[in-house]
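Hi everyone, thanks for coming. Please have a look at the picture with me, and we will go through it together.

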Amino acid sequence: MIWLRALLLALCLTTPVLALSPDEILPDPVLEQRARDISAGLRCLVCQNQSIDDSDADLARDLRVLVRERLVAGDSDEAVRQFLVDRYGEYVLLNPRLGGHTILLWIAAPVLLLAGLGTLLVLGRRKRVMEAGLSAEEQAALDELK
């Protein structure tokens with residue numbers, strides 16, 4: 001029982017480990033926070049579904065350093081993001097921007113959800129009608145047609 005409590009305590013106290021090395025951290029805490037905010041929204045091009053902040057790939061490290069260099073140079077957050085999009089394409093963004101070329105991506109999930117719910121409704125209604133069977137009057141009318 002004690003080992004279970006110790007395990008639960010250890011799990012509660014763990015925090016996500018970032019791949020950020022100490023030599024990458026900027027001395028200015030405001031710039032460092034901006035860099036982390038930007039890095040959290042950028043995809044590691046090697047790991048694909050991991051932010052560059054969480055990835056320990058060499059390319060992710062290079063991107064983290066590039067983000068910090070651009071911020072130190074005086075670029076705004078959006079300018080840094082746009083620089084990376086211009087260089088690597090929109091795939092570098094973990095959350096794609098809403099635009100003409102991504103509209104299908106944004107509307108596909110809700111449309112498929114509604115289509116699935118509609119199909120379930122139709123099938124459920126059809127099953128209830130089949131289970132209910134024919135009333136005596138409907139059966140008599142059917143027998144007359146035969």
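This is a predicted model: local features need pLDDT of at least 70, side-chain atom pairs count only at pLDDT 80 or more; totals for chains, interfaces and linings use all residues.

Residues are numbered from 1 along each chain as its sequence is written, and side-chain values use heavy atoms, with hydrogens and water left out.

So, the layout. The protein chain has 6 helices and 0 strands; helices (H or I, at least four residues) and strands (E, at least two) are DSSP runs, numbered from the N terminus. Of its 146 residues, 21% count as buried. Buried means under 20% relative accessible area, exposed over 50%, and partly exposed in between, using a 1.4 Å probe on protein chains only.

Now the helix pair. Two packed helices are described by the angle between their axes and the distance between the axes. Here, H2 (residues 29–40) packs against H3 (residues 58–72) at an angle of about 135°, and the axes are 10 Å apart. Axes are lines fitted to C-alpha atoms, for helices over the stretch in contact, with angles running from 0 to 180 degrees between N-to-C directions. That angle makes H2 oblique to H3; under 35 degrees counts as roughly parallel, over 145 as roughly antiparallel, 65 to 115 as roughly perpendicular, and the rest as oblique.

Which residues make the contact? On H2 they include Leu31, Ala35 and Ile38, and on H3 they include Val67 and Leu71. Contact means heavy atoms within 4.5 Å.

Next, find Asn95, in the loop between helix H4 (77–88) and helix H5 (103–132). Is Asn95 buried or exposed? With 62% relative accessibility, Asn95 is exposed. Asn95 and Leu42 are 53 residues apart in sequence, yet their C-alpha atoms are 8.3 Å apart in space.

Finally, the cysteines. A disulfide is a covalent bond between the sulfur atoms of two cysteines. How many disulfides does a search of the whole structure find? The search finds 0, where a disulfide is a pair of cysteine sulfur atoms within 2.5 Å. Cys44 is buried, at 0% relative accessible area, while Cys47 is partly exposed, at 32%.
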